[in-house]
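Here is a brief report on a predicted model. It covers nonpolar cores first, then individual positions.

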Amino acid sequence: MASCASISSPTGGPKDTIAPKLDTSFPPNYSTQFEASKVTLVFDEYISLKSASQQISISPPLKEKPTILSSGREVSIKWNDTLLDNTTYIISFGSSITDFNEGNVNDKFKYVFSTGDFIDSLELRGYVYDKTGTGAKDIMVALYDWQTLKVSDSIPYKNLPTYYAYTDENGKFELTNIKYSKFHVVAFQDIRQNFKLNSGTEPIAFSNDTLITGLENEPLELQLFLPEGAKRFYGARHEGFGQIQLAYSYPIPALRVKTLPENDS
């Protein structure tokens, strides 16, 4: 009537499906009168930090890239830039923070602080799409405060954005903790990761109207287009008897050649 128990390996308990959460931060998250040059974040479990240079962004942008280190449950971010006065900064982590064992992603985490007396709280959302209507991912949506622009022409080529965010895989973007002001809005692919439009051959989108931030901003819809390249005549050279080669930077659908009258004098 008696028999041995069935021997099997322990199950280990239910599978972990919860992403890492912030336990402590130094200075505390949402600090005001911020004067530090380093942030240390401690999570409630061991984490892995993936693609930090691509996923972690600081808005407004810093001139030099910060140093980002991870060990155990901690992430540290250190910078050498002098922070702007009375400015709210947002450190967005994208999908870089995952737990060590199961890879659960905390894709909503942000660290926010202000060098002034309060945290800005306005928000802006929207959608960037291409000419087919498909959402465009990894496009930088940049806001330029018109009051602080040093150069008003060629804005995305010569100015750093006041705020920025990247579109997700569906073309959607979200900007949080922005201030009340007037902004120019431009969206483009930041190929060199220097927060500027470089060659002018990448798809770009912009709003024709100046954006005034408020409590109830309508979602922005921005359609990308490929800007027309500059039309240039590069020069001409003699190829042979009765032959001249003309070089243009764009197609010439119909070229008419007119000979000049001979000069008899």
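The largest nonpolar core holds 22 residues. Val128, Leu143 and Leu175 have the most contacts inside it. Six elements are named as giving two or more residues to this core: β10, β11, β12 (163-166), β13 (172-178), β14 (182-188) and β17 (220-223).

Beyond its neighbours within four places in sequence, Val128 contacts Thr134, Gly135, Ala136, Ile139 and Val141, among others.

Lys131 sits in the loop between β10 (122-129) and β11 (140-145). Lys131 and Gln223 are 92 residues apart in sequence, yet their C-alpha atoms are 6.7 Å apart in space.

Ser57 belongs to strand β4 (residues 57-59). Outside the four places on either side in sequence, Ser57 is in contact with Ile90, Ile91, Ser92 and Tyr164.

Are Lys131 and Ser57 buried or exposed? The table gives the values.

| Residue | Relative accessible area | Class |
|---|---|---|
| Lys131 | 74% | exposed |
| Ser57 | 13% | buried |

Lys131 counts as exposed because its 74% is over the 50% cut-off. Ser57 counts as buried because its 13% is under 20%.

Key:
Residues are numbered from 1 along each chain as its sequence is written. This is a predicted model: local features need pLDDT of at least 70, side-chain atom pairs count only at pLDDT 80 or more; totals for chains, interfaces and linings use all residues. Side-chain values use heavy atoms; hydrogens and water are left out. Helices (H or I, at least four residues) and strands (E, at least two) are DSSP runs, numbered from the N terminus. Buried means under 20% relative accessible area, exposed over 50%, partly exposed in between (1.4 Å probe, protein chains only). Contact means heavy atoms within 4.5 Å. A nonpolar core is a set of buried Ala, Val, Leu, Ile, Met, Phe, Trp, Tyr and Cys residues joined through side-chain atoms within 4.5 Å.
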